[in-house]
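Welcome! Here is a short tour of the structure shown below, arranged by topic so that you can follow along as you look.

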Amino acid sequence: MITWVRVFVSRCVAFFRERKLDDDLNEELSAHIELAMEENLQRGMSREQARIAALRSFGGVAQIQERYRTLRGLPWIATTLQDIRFGARMLLKNPGFTAIAVLTLALGIGGNTAIFSIVNGVLLNPLPFPHAEQLVALHESKPNFPRGSISYPNFLDWQRENHSFSSIAIARGYVFSLTGRGDAEQVNSEYISADFFSVLGLHPLMWRRKFNGAPNVVGQPVTLDGHNYTIVGVIPASFHLRFSNFSDQDVYVPIRQWGVSVLMQRSAGLAIHGIARLKPGVTLQQAKADMDEVTRNLAVAYPDANRGAGASIVPLKEQMVGDVRPFLLVLLGAVGFVLLIACVNVASLLLARSTARGREFAVRTALGASRARVVRQLLTESLLLGVTAGAISLLPAVWGTHAALKLLPAALPRAEEISLDFRVLAFTMAVSLLTSTLFGLAPALRSSQANPQMALKEGGRGSSGTRHRTLGAFVVVEMAIALVLLTGAGLMIRSLVELWDVDPGFNPHNVLTFGMSFPSSMVDASSEEIRATYRAFDDRLASTPGVVAVSPVWGALPMGMDDERLFWLDGQPKPTSDHDMNWALDYIVEPDYLRVMQIPLKRGRFFTRQDDERAPLVAVVDDVFARKYFPGQDAIGKRIRMSDTGNAVEIVGLVPHVKQWGLDTDDTQALRAELYLPCMQMPENLLSAMRTGSGMVVRYDGSLAAVSDAIRRTSRQISAEQVIAGYQTMDSVISDSLASRRFAMILLGAFAAIALLLACIGIYGVMAYLVAQRIQEMGIRMALGAKRSDVLLLIFRYCGRLTLLGVAIGTASAIGLTRLMRDLLFNVKPRDPGILAVVAALLVLVAMAACLIPARRAASIEPMQALRTE
Amino acid sequence: MPESKSDVLQGTLDLMVLKTLESMGPLHGYGIARRIEQVSENTVSLNQGTIYPALLRLQQRGWVKPEWGTSETGRRAKFYSLTRSGRKQIEQETENWERIAATMARFLAPSN
């Protein structure tokens, strides 16, 4: 053992003193020869005889030196370094080949890493909570809403009577205005039940922002909506969770302290959703069965409110990522294809090159290089290529991850936590190394097998046809994959274009929405005061420069918020339970709403200033409402009764349908009837809810920034405690609703572009190689009378054959594969012939362009020169 | 001249070199090679060059150490001498060889 260490150390020392030791050895050996010669001379030999005899008895000097050297240093490392040096030289000698191969691989590895990182972060691992697999989202399922709001009394009963959850909690968003600490500010908050954070397994900790990160904020008072609250805990800034309509906010307040009387109503729909943690070992099915029983009992006990109501339990992970999963899976497939193309590309490049290098290997073999040695040299070169590509791929990987995250819809879980995943990077690098090694090696094995004499005689001339066929197959595969990706991207683009063409039912351009909170002095305002405040505010806002029209929006806002109202048709008996009531989306607005949204009035009239608290109650409905509740009749003049007050309301106007649920999904929703009610005619309880503030919509002229500032100024002039927040244009609201789709389209488009580029490079590389291989053949053809155009045609015909085959296979695959993305498409069939035709034409064009340069090179061959060289 | 020469077994050459240095004192490569040829009476076919990898092996194990010196004819040459652990190694190797030789002898002795 000691001896072993000693040998190793002495080898290591020798490794660093090779030159000196080589000189030593040379001197020692020449001394040996000379000593032998001296002795031979003494024996009477001639000088020449003495020298030959000495050398003969010594044996092969070079062989001894080689044996000596392998014993002396670290030959393995030395040869590897030598191989690397030689490999690097070979790669640098062909900068074109090297650049293309390295960039191809780098793009493939980098892109794959970026997408895999995101998919891994979003799809596989979205919840950074202990035992996240036990977490579920809870909803109350109702006839119109499979995932509806849970009423507070029902929640209490669920909590008490279930046997499946270790804890359950509910939450509901709210906007407070925070006063008494500098400028008044709107703070987004969530009303939560006591267990909310313990369900997740979190413990309140630290607080930042308004308190400058002061650690002693616990116990300090804050004023929210004019009420005093005490800070009892701080949530870590890293807390991030979005599901249903919950999102992580600045302030969390106990839901019991929410001062609305409807909280305790069992039938109220207050946008409350829940989360729960399954007890260890309880399955989703068991929990569902358990909750079915609980809700059945509640329906029996409270038939008015709870008939037809159940509990919907969805794994939290699914709830969070359900919407984006199909997009990400399609992207995953796309990026896999890109990696495949990259690998095929590198493989064909290596294959082509190794054929060209056949002669070099033959020479080396003839000079005594063993097959293993040649293979090792090639392996080193391939690895060098792969490692360089891997290093460069960090760039597109990091950049791609960031860029993709920026495009990601905001609703995605943990978007800010996702970073480059190094396990993924390692995996994709391994794949690409494997590819480059495999294809770097396969030809080496074959060429080193070949009889070096044969190879040398052949002079790298007419190579085997199988290799050409392999290269051709590579081109076909690349074309096919590129076509599939292009088709996918084309379908996505077409869907988005179709969606943008969908009429939302209003004109979103130049419409601004924002939230407005009244000063806390409004808390005790009477209904008259509230109405007066709104009127005054509207007037002030309407006279603000740049503002064309203005209206408060309470209730629903197209593609923003939804809100429902229950009613029954006048003249029919009042239904005994909410379940049997009619439902409609309700927009509680002022007369200028139609001007703001530019919704055309179809018939009748919209509200006027005279439709106030003293005038008869009126409503305006949309087409869908009219068709659904008054089929075949004129809705105008009909009356409905509101479920909360029982008051009769007369329908005075008819407007077209607005796509409340978004451009893509509105048509498939169950609840689409729309009901407009004037703000000023709201009953007391609703009006008092509006005393803290409301959403507003404004149609503006000129610059958005100027109008925003002007509105803020106007608001401050009215009261310093009045807060304007959450500016958002309707254009951006619509565009947000298409965010996932646009995300998928941009990425898919990028991948398709990369695929096209890679395929183009691949075709060019292969054709250039084939032309180079056949220069002599071309020369002979031209010497025998072929015209340049014939040669050009020959190349184009070959290229065209490969392209058409690729297009055919690609089209068939595209028809099969794009079916998988049917859910992502809008108004376009997966096998849209137009898109397939355009994509195929594009591909043929690009392929022809790619083989233009090689073809022209072939046509410009000087026959005599081609025949003379080689 | 003997009719056949036998190849030198690997471990054998090492021991031959060590033994030569023990009996002759410090010696250069050529001297060692000549001495082995003489002692074996030319029964082993030795490419003299193979002595050098063997010397390197012994040197790496610390059994011999080299030193530049001058030959009897005034040439600069590398002289090798035994180290203490080299002497110990000879004892061990000798024991080894005797055991093997004895064993082989028993096998090769005519049975009766």
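In this predicted model, B:P66 has B:Y80 of strand β5(B) as its bridge partner. That pairing belongs to a set of seven bridges that join β4(B) to β5 of chain B, residues 76–82, with the two strands running antiparallel. From here we can look at the sheet around them, then at chain B as a whole, and then at chain A.

**The sheet in chain B**

- The sheet is open and has three strands, in the order β2-β5-β4 of chain B, with antiparallel pairing.
- Which strands stand at the edges? They are β2 (27–28) and β4 (64–70) of chain B; each has a single partner strand, so one side of each is left without a neighbour in the sheet.
- Helix α3 of chain B, residues 51–60, packs on this sheet and touches both β4 and β5 of chain B. The direction of this helix makes about 120° with that of β4(B).

**Chain B overall**

- Chain B contains four helices and five strands, and from the N terminus on its elements follow the pattern β-α-β-α-β-α-β-β-α.
- Chain B has 112 residues, of which 29% count as buried.
- Take the contacts in chain B between residues at least 6 apart in sequence: 52% of them join residues at least 24 apart.

**Where the two chains meet**

- The contact draws 20 residues from chain A and 19 residues from chain B.
- On the side of chain A that touches chain B, the elements giving two or more residues are α1 (2–15), α2 (18–42), α3 (47–58) and α4 (61–72) of chain A.
- Which of these elements gives the most? It is α2(A), with seven residues.
- Sorted by class, this side of chain A has nine nonpolar, five polar and six charged residues.

**A closer look at helix α3 of chain A**

- The length of α3(A) agrees with expectation: at 1.5 Å a residue, its twelve residues should span 16 Å, and its end C-alpha atoms are 17 Å apart.
- The buried residues of α3(A) are A:A50, A:A54 and A:F58. Why do they lie on the same side of α3(A)? Because they cover an arc of only 60° around the axis.
- These buried residues of α3(A) pack against α2 and α4 of chain A.
- Exposed residues A:E48 and A:R56 sit on the face of α3(A) turned away from its buried side.

**Chain A overall**

- Chain A holds 29 helices and 21 strands.
- Buried residues make up 41% of its 870 residues.
- For contacts in chain A between residues at least 6 apart in sequence, 83% join residues at least 24 apart.

- A:L340 has its place in helix α12 of chain A, which covers residues 325–356.
- Is A:L340 buried or partly exposed? A:L340 has 18 C-beta neighbours inside 10 Å, so it counts as partly exposed; a residue needs 20 or more to be buried.
- A:L340 and A:S432 are 92 residues apart along the chain, while their C-alpha atoms are separated by 9.3 Å.

How values were computed: Residues numbered from 1 in each chain as written. Chains lettered and ligands numbered in written order. Predicted model: local features only at pLDDT ≥ 70, side-chain atom pairs only at ≥ 80, totals over all residues. Pairing = 2+ DSSP bridges. Contact = placed C-beta atoms within 7 Å. Axes fitted to C-alpha atoms, helices over the stretch in contact; angles between N-to-C directions. Nonpolar A, V, L, I, M, F, W, Y, C, P; charged D, E, K, R; others polar. Buried ≥ 20, exposed ≤ 12 C-beta atoms within 10 Å, placed from the backbone. Expected span 1.5 Å × (residues − 1). Arc of directions from axis to C-beta.
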